[in-house]
Every structure is written in C-alpha cells, then in structure tokens.
Amino acid sequence: MIIPKKQKRYCNFCRKHTEHIVEEAKRKPRRQNTKSQKRFLRKLAGYGSFPKENPKGREKPTKKLDLRYKCTVCNKKHSIGEGFRVKKFEIKAKEAKEESKAKEESNVVK
Ligand SMILES: [Zn+2]
C-alpha cells in the first residue's frame, strides 16, 4: 500500500480543508510515574511472579498502522479513525518532483 505524503484533508482546528503531511506515529516509552506502573514494577522485583498471564501463541502476521496527519496551516496533528492492518506500506512524496526530474533529464538528453 502506497500512501501519498501530502494529502488535502479536513482540519478540525482550521475548520476547512488544508494540506496535511502524513507520518507514522512514534512509540513513546511507558510512563514510570503512574501508580499502576509502580505497582507493576514492585510486583516484578525480587522473586515474584508476573502479575498477568503471559500472552502465548504466534504473533499476528500484520501490524496495525497508526498514522498522524499534520496540518501545514496550524501545525497541529490529529489522527483519523482507529488505524488499519497492512502487510506492507510506504509513504511516498508526490510524483510532481519525479516528473520535474524526468523533464530535466530529457532536457539534458536533448
Ligand atoms: Zn489546521
């Protein structure tokens, strides 16, 4: 699946259709200062047990794709929907640049 890098989409903050830049959401490390995370780490320390059952079985063959859309006018990011599963994907810049490059090459040949 090929996704264009620049898309015209509706921005909730500008309340109109603007140009958006598509990027994949980065995974942030887990916060260590929450009550539940402290409880979890306390349980893991020493000769304890794992508080939850370990997930078993094979991994899913596809991963869910999480995309963020950044508005070029207000520079705010937002997501659309819940994401979807894909095997392969690629964020591609618009082909206008490639076309111009091809034109330049053709000019060089002449
Ligand atoms: Zn906006």
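Select Ser-79 first: its contacts, leaving aside residues up to four places away in sequence, are Leu-67, Arg-68 and Tyr-69, where contact requires C-beta atoms, placed from the backbone, to lie within 7 Å. The model is a predicted one, in which local features need pLDDT of at least 70 and side-chain atom pairs count only at pLDDT 80 or more, while totals for chains, interfaces and linings use all residues. Numbering runs from 1 along each chain as its sequence is written.

Ser-79 belongs to the loop between E6 and strand E7 (84-86); strands (E, at least two residues) are DSSP runs, numbered from the N terminus. Ser-79 is exposed because 11 other C-beta atoms lie within 10 Å, the limit for exposed being 12 or fewer such atoms within 10 Å of the residue's own C-beta, placed from the backbone.

Widen the view to the open sheet of four strands, ordered E2-E3-E5-E6 with antiparallel pairing. Its edge strands, E2 and strand E6 (77-78), each pair on one side only.

Finish at strand E2 (residues 6-11) and strand E3 (residues 16-24), joined by six bridges in the antiparallel sense. Arg-9 faces Thr-18 in E3 across this pairing. Four residues lie between the two strands of this hairpin, and Arg-15 in the turn has a positive phi of about 60°.

How values were computed:
Two strands pair if DSSP finds at least two bridges between them. A residue is buried if 20 or more other C-beta atoms lie within 10 Å of its own, exposed if 12 or fewer, and partly exposed in between; C-beta atoms are placed from the backbone. Two residues are in contact if their C-beta atoms, placed from the backbone, lie within 7 Å.
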